[in-house]
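Thanks for coming, everyone. Let me put the structure up, and then we'll go through the side chains.

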Amino acid sequence: MTSRLPLTSPAWHAELQLGFARDGERTALVENRHFGPLRVQKALYPEGSPVCQAILLHPPSGIAGGDHLKIRAALGAGAHAQLTTPGAGKWYRTGGAEASQDIELSVAEGATLEWLPQETIVFNGARARMHTRVSLAADSRFIGWDILCLGRTASGERFDTGHVDLHYRIERAGSPLWIERGSFQGADPMLASPAGWAGAPVCGTLLASFPELSTHSTELLERCRQVAPADGAGHAVTALPGLLVARYLGASSEAARLWFAALWAILRPLCCGRPALVPRIWNT
């Protein structure tokens, strides 16, 4: 089903609501509702019918002050969906109004979700609030990453003014696996502190959770730790109860994404039961 959501607010909002369901061996996009400039044009099947790939499109390609985006995706039992984006997300400088993005991902029994967006660039002077919540069933599977770049580093821009508020939560069967909060101003001392960003403009986090992780965590850690970012940036891989975590801290969003893709290639066969196939949209 594809339809428009009713517009309930005079503010400039964009909302996308997706639903995936298992139909035999096929994962179908059964709900695709939107309003505003945020949508999925069609379901794609580059790996065949079991995995439904959805490319999240935001035609303005940037979020301005006062914009509010909501993305909701729900996977039914046994479904397998891969969500990605065609390019970097951008948060523009604002004269004062805050922009926000709220993401809610729900993964039912036996379902698998891959959340693989390209990097997010926060322009100097932006005021951004980004909240993500992932709800997993007892035996569902999840692998995802987020890469945050402060300032347009290619042009030498730093994040000297503005504000960023971050909240990321993953829970399994109602119990939290990961809760992370962050809030900082432009030129915040923590951005330069060794206890914070250590002067690096790019930070990334990869998170993976699946039922077999505890059994294979030692092997996976050893294999993942043999792979390093090409730019030699600070990085680490560790295993927590029910969750594998990889962190990047450096100067290149491309190096972070390529490193995460290399880790994904190691983790995906066990987490998702399939070899890694790089989304074609990443090469365009």
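Which residues are linked with Glu47 in a network of salt bridges? The network holds Glu47, Glu114, Arg268 and Arg274.

Quick ground rules. This is a predicted model, where local features need pLDDT of at least 70, side-chain atom pairs count only at pLDDT 80 or more, and totals for chains, interfaces and linings use all residues. Residues are numbered from 1 along each chain as its sequence is written, and side-chain values use heavy atoms, with hydrogens and water left out.

Salt bridges, then. The term means a side-chain nitrogen of Lys or Arg within 4 Å of a carboxyl oxygen of Asp or Glu. The whole structure has 15. Take Arg274 and Glu47: N to O is 3.2 Å. They sit 227 residues apart, Arg274 in the segment after α3 (253-272) and Glu47 in the loop between β3 and β4 (52-55). Helices (H or I, at least four residues) and strands (E, at least two) are DSSP runs, numbered from the N terminus. Arg274 is partly exposed at 22% relative accessibility, while Glu47 is buried at 18%. Buried means under 20% relative accessible area, exposed over 50%, partly exposed in between (1.4 Å probe, protein chains only).

Next, Arg247 and Glu180. Their closest N and O atoms are 2.7 Å apart. Arg247 is in strand β17 (residues 243-250) and Glu180 in strand β14, so this pair ties together parts 67 residues apart in sequence.

Now the rings. Phe, Tyr and Trp rings (the six-membered ring for Trp) pair if their centres lie within 6.5 Å; planes under 30 degrees apart are stacked, over 60 edge-to-face, the rest tilted. That gives 7 aromatic pairs. Phe159 and Phe184 pair edge-to-face, at 6.3 Å and 85°. Phe159 lies in the loop between β12 (141-150) and β13 (163-172) and Phe184 in strand β14 (residues 175-185), so parts 25 residues apart are tied together. Phe159 is buried at 5%, and Phe184 is buried at 7%. Elsewhere, ring pairs join Trp145, Trp259, Phe260, Trp264 and Trp282 into a cluster.

Last stop, Thr27. Where is Thr27? In strand β3 (residues 26-35). Buried or exposed? Thr27 is buried, at 0% relative accessible area. Its side chain reaches the backbone nitrogen of His80 at 3.0 Å. That is a polar contact: N or O atoms within 3.5 Å, one able to donate a hydrogen and the other to accept it, with sequence neighbours counting only if both atoms are side-chain atoms.
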